[in-house]
Amino acid sequence: MVTYPKVSICVPVYGVEKYISKCADSLFKQTYVNIEYIFVNDKTKDNSIEVLNSVIEKNPQRKCQISIIEHSINSGLSAARETAIQHATGTYLMHVDSDDYLEPNTVLECVENALKFDADVVIFGMIHEFKKKTHVFLPEKYRSKQEYLKAVIRKDIQTGVCGKLYKRSLYIDNNIHCLKGVNFGEDYAVYPRLIYCAGKISFIEKPYYHYLRFNESSYTFKFNLNNVENLKSALNCISDFFKDKALFCEDLTIARQRIHAWIINYVFSFSNDDNLKWQVVNEIDNHIVIAPYLSVNHRIILTLAKNRMIRLLNFYIKVIRTLYTWLRPFLNRE
């Protein structure tokens, strides 16, 4: 008889009173039985916890499996995930953001896959839900873990920690922690390290995770200097971890250039601070050899920055932003 191991589902909670009911209900209605639920109240200011408690009352069969951990102060997404991991006791661990939700068979399918293939990480598909459209993303299979990890480091593929099942020992045995205070791009500081330390990864080509994109404008269309600094911190973390691993040197270079191009585009698109624009441009070495692997857009941005062509760079990014805004309704992002 197969003994099914415990799975810890880790859920940070902050400002999600409109969404947490559907999230929690999808977790409590999982067909897998041996689950512990760890919700971390990151000092939310709304009624998220009250809504969560009402859903718990409607699912009495799960009540003894649920813990709500209280933060004394708002500490951010990374800290909430770290708290959940530290309280987890399952053999496996899964991250779910509190405005997202799962298909009913998600945990069962993932555990069976992990046991069948002796996998440390099981990666499954996502459904990105916009206000008017949905877009399905299935994981692309790679010939080896090394090939997949190189793609992760380069940021060729999605690097979020959600949409996966992990052996909890990956975090514990390898001393992998979330970066405190880094709440934008924070997954990039964690996920490549987890994959590097994993013995085997497995893929399920089915979409089980519903990723709500209703509030994406909070990061993408409103300027926040912390986003820039957070992304740099995540990049520095991964650079330090892989700096002595020559096999991934080229991938780190590509990632560094890709992230620098994103930062320049972000600052020039949404900030009116000319000094800040000069600062991010001057961070680009004028002797840089721009990787041909990058997109045409990123190569243009880095070339203009490398040559300190600020006015042309400003004009180019403005034009691209205008075109993107016009094309946005046709890109499954509404």
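Angles over 145 degrees between the N-to-C directions of two helices count as roughly antiparallel, a cut-off that is needed for the first of these close-up views of a predicted model.

**View A. Helix 12 packs against helix 13 in the predicted model.** Helix 12, which spans residues 296-306, and helix 13, which spans residues 310-327, pack at an angle of about 160°, and their axes lie 9 Å apart. The two helices are therefore roughly antiparallel to each other, and helix 12 passes helix 13 in a left-handed crossing. On the helix 12 side the meeting residues are N297, I300, I301, L304 and A305, and on the helix 13 side they are L312, L313, Y316, I317 and I320.

**View B. Helix 9 runs from residue 225 to residue 242.** With 18 residues, helix 9 reaches 26 Å from its first C-alpha to its last, which is close to the 26 Å expected at 1.5 Å a residue. At the start of this helix, a side-chain oxygen of N224 comes to within 2.9 Å of the backbone nitrogen of N226. The buried residues of helix 9 include V228, L231, L235, I238 and F242, as well as the polar residues N227, N230 and S239.

Key: Residues numbered from 1 in each chain as written. Predicted model: local features only at pLDDT ≥ 70, side-chain atom pairs only at ≥ 80, totals over all residues. Heavy atoms only, no water. Helix = DSSP H or I, 4+ residues; strand = E, 2+ residues; numbered from the N terminus. Expected span 1.5 Å × (residues − 1). Buried < 20%, exposed > 50% of the residue type's maximum accessible area, 1.4 Å probe, protein only. Polar contact = N/O pair within 3.5 Å; in protein donor to acceptor, adjacent residues only side chain to side chain. Axes fitted to C-alpha atoms, helices over the stretch in contact; angles between N-to-C directions. Parallel < 35°, antiparallel > 145°, perpendicular 65-115°, else oblique. Left-handed = near helix turned anticlockwise from the far one by under 90°. Contact = heavy atoms within 4.5 Å.
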